[in-house]
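The model is shown first.

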Amino acid sequence: MEKTCIEVWKNCLQIIKDNIPSQSFKTWFEPISALKLEGNVLTIQVPSLFFYEWLEEHYVGLLRKTVKKQLGDEGRLEYNIVVDKSSNSGSPYTTNMPSTGNGAEAKKQSMPIPVSINKDIKNPFIIPGLKKLNVDPQLNANYTFENYIEGDCNRLARSAGYAVAAKPGGTSFNPLMIYGGVGLGKTHLAQAIGNEIKRNMPDKLVIYVSCEKFCQQFVDSLKNNTINDFVNFYQAMDVIIMDDVHNFAGKEKTQDIFFHIFNHLHQSGKQVILSSDKAPKDLAGLEERLLSRFKWGLSADLQVPDLETRIAILRKKMYADGIELPTEVIEYVAHNIDNNVRELEGAMVSLLAQSTLNKKDIDLALAKQMLKNFIKNTSKEISMEYIQKLVCEYFEVPVDMVKSQTRKREIVQARQISMYLSKSHTKSSLKTIGAFFGGRDHSTVIYACQTVEDLIDTDKKFKGYVHDIQKKLKMS
């Protein structure tokens, strides 16, 4: 019986899983799917050019050995790479590439000699009349990879940034487009790439500029009749980091000049890093030819960090500042401020400032009092419906079952704890609580509350359940 591509790839994954860390396996191998098996050639599909580059650089030896183990010494691997997911046909546009681990030599990209910068090129960042020999990269020294917490929300973008920092202009993801909502770390990550490049390759000419600043410099160059100096300066860079490119919208002349700068840099093997609040396909007001350039490389999104990542961000900031805070305070802030990292850090700075000025120790009560302007719905009343939902999520039981007549142990336990917490955390009467939980009378509620109290006193495990749920209620 002949093996299918899925069977072969499944066997390969079992070997790979035993030879690399579990997180690496989850990140780099779980998204891969097997497409076809023709003779001794296995074709797998990877979600982007970045995936292809990363696998070939870090796992090509392991892949070669596993494929040959399954298909024999003549076994070979080919990639089907998703290049553009936004294809009008409904199915993504893909391209095929062989693995360099098959014995074929990878073609080296020819790199033209970079334009050398000299003192005749005017630097638009320098105030007229001040002479400066070196190009200031305009980078914030605090924006580094070490200070950038990794999580599921940013893992792809952060890994791409590392790859670009190691080989600027030498990877397939050029330009690297980082996009996401306000305060999610786009500027931090983009500048971290620049700082890493300058640390390892100090001779590289790196420049960070916001789109607004670039547009203003362009207008000034038109007024002063120095447009050639302006273009020459940016074309001489090895790495350009352009922040907030969505601000190009509607500025046709500025888009045109950046289009030509971009083309020169790209064709010269220089690295372009861009950030935006939207994916390239969603950007409005930009010329199609410029948008098509933005789509050439890798577009990596930054999402809202989950609770664990938010807690890690706060702990990192506290450690960097040499400050210790109670765990419950950190968890409270992280739980309630969940829209972006900037507000998260701002809330913590505000809390520390209030504590210092008022000479008070920071505890949960002070955190709730001081951060009510940051935190939405801090003073909202806890409802029986919310308590029921929280308890059901904790015990993983259906909400409608709690109100039913079933006597299953796990359902009864969830119902009794819900009644107990409703009595403790709401102003509802026993009659109202009983009616809410399936039309029961007040005596059932009294019995449920007594049962919960008895179990808290006698059952350590049960007491832990109630404590965990109460902790979640405090965070609300």
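## Overview

How many helices and strands are there in the protein? The protein has 20 helices and nine strands, where helices (H or I, at least four residues) and strands (E, at least two) are DSSP runs numbered from the N terminus. This is a predicted model, in which local features need pLDDT of at least 70 and side-chain atom pairs count only at pLDDT 80 or more, while totals for chains, interfaces and linings use all residues. Residues are numbered from 1 along each chain as its sequence is written, and side-chain values use heavy atoms, with hydrogens and water left out.

Of the 476 residues of the protein, 46% count as buried; buried means under 20% relative accessible area, exposed over 50% and partly exposed in between, with a 1.4 Å probe and protein chains only. Among contacts (heavy atoms within 4.5 Å) with a separation of 6 or more, 72% are between residues 24 or more positions apart.

## Nonpolar cores

A nonpolar core is a set of buried Ala, Val, Leu, Ile, Met, Phe, Trp, Tyr and Cys residues joined through side-chain atoms within 4.5 Å. The largest one holds 54 residues, and the members that touch the most others are Trp9, Phe29, Leu55, Leu63, Tyr79 and Ile193. At least three residues of this core come from each of domain 1 (5–81) and domain 2 (145–301); the bounds are from an automatic or database domain assignment. Apart from this core lies another, of 31 residues, with Tyr234, Phe262, Leu290 and Leu291 among them.

Leu55 sits in helix 3 (residues 49–58) and is buried, because its relative accessible area is 0%. Outside four places in sequence, Leu55 touches Trp28, Phe29, Ile32, Val46, Val60, Leu63 and Tyr79. The C-alpha atoms of Leu55 and Phe29 are separated by 9.0 Å, with the two residues 26 apart along the chain. With residues up to four places away again not counted, Leu63 touches Trp9, Ile16, Phe29, Leu55, Leu77 and Tyr79.

## Helices 8 and 9

Helix 8 (residues 227–235) packs against helix 9 (residues 252–267) at an angle of about 35°, and their axes are 9 Å apart. Axes are lines fitted to C-alpha atoms, for helices over the stretch in contact, and angles run from 0 to 180 degrees between N-to-C directions. On the helix 8 side, the contact is made by Ile227, Phe230, Val231, Tyr234 and Gln235; helix 9 contributes Ile257, His260, Ile261, His264 and Leu265.

## Ala334 in helix 12

Ala334 belongs to helix 12 (residues 327–336) and counts as buried because its relative accessibility is 0%. Beyond its neighbours within four places in sequence, Ala334 is in contact with Leu307, Arg310, Ile311, Leu314 and Leu344. Ile313 is 21 residues from Ala334 along the chain, and their C-alpha atoms are separated by 9.0 Å.

## Helix 17

The end C-alpha atoms of helix 17 (residues 409–425) are 24 Å apart, which agrees with the 24 Å that its 17 residues should span at 1.5 Å a residue. The expected span is 1.5 Å times one less than the number of residues. Twelve of the 17 residues are buried, so that the helix is mostly covered. The cover includes helix 15 (384–395), helix 16 (399–402), helix 18 (430–436), helix 19 (442–458) and helix 20 (460–474).

Gln416 is in helix 17 and counts as buried because its relative accessibility is 14%. Leaving aside neighbours within four places in sequence, Gln416 is in contact with Tyr447, Ala448, Thr451 and Val452.
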